[in-house]
Amino acid sequence: MKKIIQSIAIALAFTSVAGAVSAADYKPRIIRFGYGLAEDSNQGRAVKFFSEDLAKRTGGKLKAKGFASASLGSDTQMQNALIGGAQEMMVGSTATLVGIVKDFGVYDLPFLFNNEKEADAVLDGPFGQKLAAKLQEKGLVGLVYWENGFRNLTNTKRPVTKMEDLQGIKLRVMQNPVYIDMFNSFGANAVPLPFSELFTALETKTVDGQENPVNTIQSSKFYEVQKYLSLTKHVYSPWIVLASKKWWDGLSADEKKALQDSAIASRDFERADSRAAALKAVDFLKSKGMQVSEVSDAELARMREKAKPAIDKFVAEGGAEVVKELQAEIAKVRK
Ligand code: TK8
């Protein structure tokens with residue numbers, strides 16, 4: 001017993017030394033952390049939180065510098081910069097990772113999660129972790145998932161309360177076949193474009209509409225160029241915080257630990273902040289003149305039915321295993 005107490009005391013003594021910032025192995029490093037949305041967005045606020053949290057943990061040695069509004073490139077350009085080691089970190093949609101790990105398309109299947117709680121449990125649990133780990137052999141380290149949120153439709157043509165209202169609408173979607181197939185099946189004309197080109201495409205009427213969570217419609221000022229908002233919540237969209245594997249492999253264990261801890265802290269901050277902001281966003285958008293439509297459950301069920309072939313295609317093209325695993329995980333969470 002005495003021996004145990006002694007070794008606990010020694011362990012504690014070591015912990016307090018290791019816990020002091022100065023004793024840990026941190027080198028001064030500048031981390032370029034790119035993202036697509038404005039600095040004044042839920043994404044920007046969370047990047048700022050991450051930087052401050054990381055500075056605190058490392059005595060200011062690890063400095064994450066945020067680059068907003070795709071100033072380092074679109075999601076896919078940044079992914080490639082991370083893989084090549086030209087950029088250290090980013091946050092962006094999981095949807096645009098399909099070119100690197102096809103299974104990432106699974107989160108984009110429509111009407112998958114019923115609420116944020118289910119999404120959190122699946123993303124933070126073994127399923128989300130296993131999928132993120134598949135990025136490693138492609139040169140990316142997936143640290144945590146943040147909330148982008150349930151996606152809703154906007155356009156300039158007409159209020160959309162049923163599928164037929166989408167007929168012929170040129171709708172910008174993410175560069176991901178699930179979205180293209182889904183919206184084409186609804187009768188829209190899906191146009192894949194990087195987010196960084198979206199505002200201009202809406203402004204110049206290259207496209208009539210787009211779909212994103214209400215927070216993004218607010219922070220990207222889409223209300224300036226879009227009239228109608230339909231609360232379809234057709235897909236729950238995660239963001240993922242990524243690091244360059246090339247860069248990551250050169251970090252000390254202490255540095256990796258600090259980055260992981262700050263990533264988790266930023267995730268918790270970001271989800272709470274995004275959810276609080278989303279509660280106010282619809283009223284804000286109305287105050288800016290947007291006309292907001294609810295979409296009935298019966299209509300959403302029709303859309304779900306109509307989207308089935310898009311899901312079947314994803315399954316047929318190599319997605320069977322990952323869809324099965326995800327559905328099993330969701331069923332577990334619902335119990
Ligand atoms: C920002 C994107 C955005 C996404 C999209 O870079 O492209 O519509 O929802 O959040 O990742």
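Predicted model: local features only at pLDDT ≥ 70, side-chain atom pairs only at ≥ 80, totals over all residues.
Domain bounds here come from an automatic or database domain assignment.

**Exercise 1. Into which domains is the protein divided, and what separates their centres?**

*Solution.* Start with the division: domain 1 covers 27-148 + 237-280, and domain 2 covers 152-235 + 288-334. Next, take the centres over C-alpha atoms: those of domain 1 and domain 2 are 23 Å apart. Finally, look at where the two touch: domain 1 gives 36 residues to the contact and domain 2 gives 37 residues.

**Exercise 2. Find the residues around the ligand and work out where the ligand lies relative to the domains.**

*Solution.* First, list the shell: G36, L37, D75, S93, N148, R151, R172, M174, F195, N212 and W239. Now compare the shell with the domain bounds: domain 1 and domain 2 both supply residues to it, so the ligand lies between them.

**Exercise 3. Which atoms of D75, S93 and N148 lie by oxygen atoms of the ligand, and how much of the ligand does the protein cover?**

*Solution.* Begin with the side chains. D75 places a polar side-chain atom 2.7 Å from a ligand oxygen atom, and an N or O atom in the side chain of N148 is 2.9 Å from an oxygen atom of the ligand. Turn to the backbone: S93 has a backbone N or O atom 3.2 Å from a ligand oxygen atom. As for cover, the ligand on its own has 310 Å² of accessible area, and the protein covers 98% of that. To finish, check the space itself: the ligand takes up the largest cavity.

Technical notes
Residues numbered from 1 in each chain as written. Heavy atoms only, no water. Near = heavy atom within 4 Å. Polar contact = N/O pair within 3.5 Å; in protein donor to acceptor, adjacent residues only side chain to side chain. Areas by Shrake-Rupley, 256 points an atom, 1.4 Å probe, with all protein chains shown as cover. 1 Å grid on protein atoms, 1.4 Å probe; cavity = no way out; pocket = protein on both sides within 12 Å on 5 of 7 lines; lining within 4 Å. Sits in = over half its atoms within 2 Å of the grid points. Contact = heavy atoms within 4.5 Å.
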